[in-house]
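Thanks for coming. I will take a few minutes to walk through one model, and I will give the cut-offs as the terms come up.

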Amino acid sequence: MTNEPNFIAGRESEGKVGALIAWGLFILSIPSANVLVLIGLVVSYVSRGTATGMARQHIDAQIALFWSVFWWTIAAWVGIAISAVASVVLIGIPFLLLFLLAWFLLSVWFTVKSVIGLLNLLNNKPI
């Protein structure tokens, strides 16, 4: 079996349901405090093995999106932790606010990117 896109008219590519579920869970990242994102990542990895065509492209994009945001989130949390310790002497308060804002904007960007990915999948467009 190949993972190349399947453009045969009238035939759904396998893995589309898994990709839809994962995008939906990714969209709920902010209200669920990122718990559903982890479930979405598991769904992506499970669906990846049987996915073909554009669904496979979307699942690969979901996994790449998660890992890129994961590392940026870790960096933001390290900055928050360091700033929180430094805020004891009032020097770190601006940095704490800056890193909290960066973490929030990162979460919003992840959600918006997930909405765009879901819309593209529903319209059968590649990422």
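Buried here means under 20% relative accessible area, exposed means over 50%, and partly exposed is in between, with a 1.4 Å probe and protein chains only.

Before going on, the conditions. This is a predicted model, in which local features need pLDDT of at least 70 and side-chain atom pairs count only at pLDDT 80 or more, while totals for chains, interfaces and linings use all residues. Residues are numbered from 1 along each chain as its sequence is written, and side-chain values use heavy atoms, with hydrogens and water left out.

Back to the loop. Ala33 sits between α1 and α2; helices are DSSP runs (H or I, at least four residues), numbered from the N terminus. Although Ala33 is not a glycine, its phi is positive, about 55°. Asn34 is found in the loop between α1 and α2 as well, and its phi is also positive, near 70°. Asn34 counts as partly exposed, at 30% relative accessibility.

Now the inside. A nonpolar core is a set of buried Ala, Val, Leu, Ile, Met, Phe, Trp, Tyr and Cys residues joined through side-chain atoms within 4.5 Å. The largest one has 15 residues, and Trp23, Phe26, Leu65 and Phe110 touch the most other members. At least two residues of this core come from each of α1 (16-27), α2 (35-48), α3 (53-86) and α4 (93-122). Which helix gives the largest share? That is α3, with five residues.

Take Leu65. Leaving out residues up to four places away in sequence, Leu65 touches Trp23, Phe26, Trp109, Phe110, Lys113 and Ser114, where contact means heavy atoms within 4.5 Å.

Ser114, on that list, belongs to helix α4. Its relative accessible area is 0%, so Ser114 is buried. With residues up to four places away in sequence not counted, Ser114 touches Trp23, Phe26, Ile27 and Leu65. What lies 2.9 Å from a polar atom of the Ser114 side chain? The backbone oxygen of Phe110 does.

As for α4 as a whole, the helix has 30 residues and reaches 44 Å from its first C-alpha to its last, close to the 44 Å expected. The expected span is 1.5 Å times one less than the number of residues. Its buried residues, including Leu106, Phe110, Ser114 and Leu118, pack against α1, α2 and α3. After α4 comes Asn124, with a positive phi near 55°.

Next, the aromatics. Rings of Phe, Tyr and Trp (its six-membered ring) pair if their centres lie within 6.5 Å; planes under 30 degrees apart count as stacked, over 60 as edge-to-face and the rest as tilted. How many aromatic pairs does a search of the whole structure find? Seven. One of them is Trp23 with Phe26, an edge-to-face pair at 6.1 Å centre to centre and 90° between the planes. Both residues lie in helix α1, three residues apart, about one turn of the helix, and both Trp23 and Phe26 are buried.

Why is the pair of Phe66 and Phe70 stacked? Their ring centres are 5.8 Å apart and their planes are at 25°, so the pair is stacked. Phe66 and Phe70 both lie in helix α3, four residues apart. Phe66 counts as buried at 8% relative accessibility, whereas Phe70 is partly exposed at 29%. Together with Trp67 and Trp71, they form one aromatic cluster.

Last, the charges. A salt bridge is a side-chain nitrogen of Lys or Arg within 4 Å of a carboxyl oxygen of Asp or Glu, and by this rule the count is two. Arg48 and Asp60 meet at 3.1 Å, N to O. Arg48 lies in helix α2 and Asp60 in helix α3, so this pair ties together parts that are twelve residues apart in sequence. Asp60 also meets Arg56, at 3.3 Å, N to O; these two are four residues apart in helix α3, about one helical turn. Arg56 is buried, with a relative accessible area of 14%. Through shared partners, the salt bridges join Arg48, Arg56 and Asp60 into one network.

Note on methods:
A polar contact is a pair of N or O atoms within 3.5 Å; within protein, one must be able to donate a hydrogen and the other to accept it, and residues adjacent in sequence count only if both atoms are side-chain atoms.
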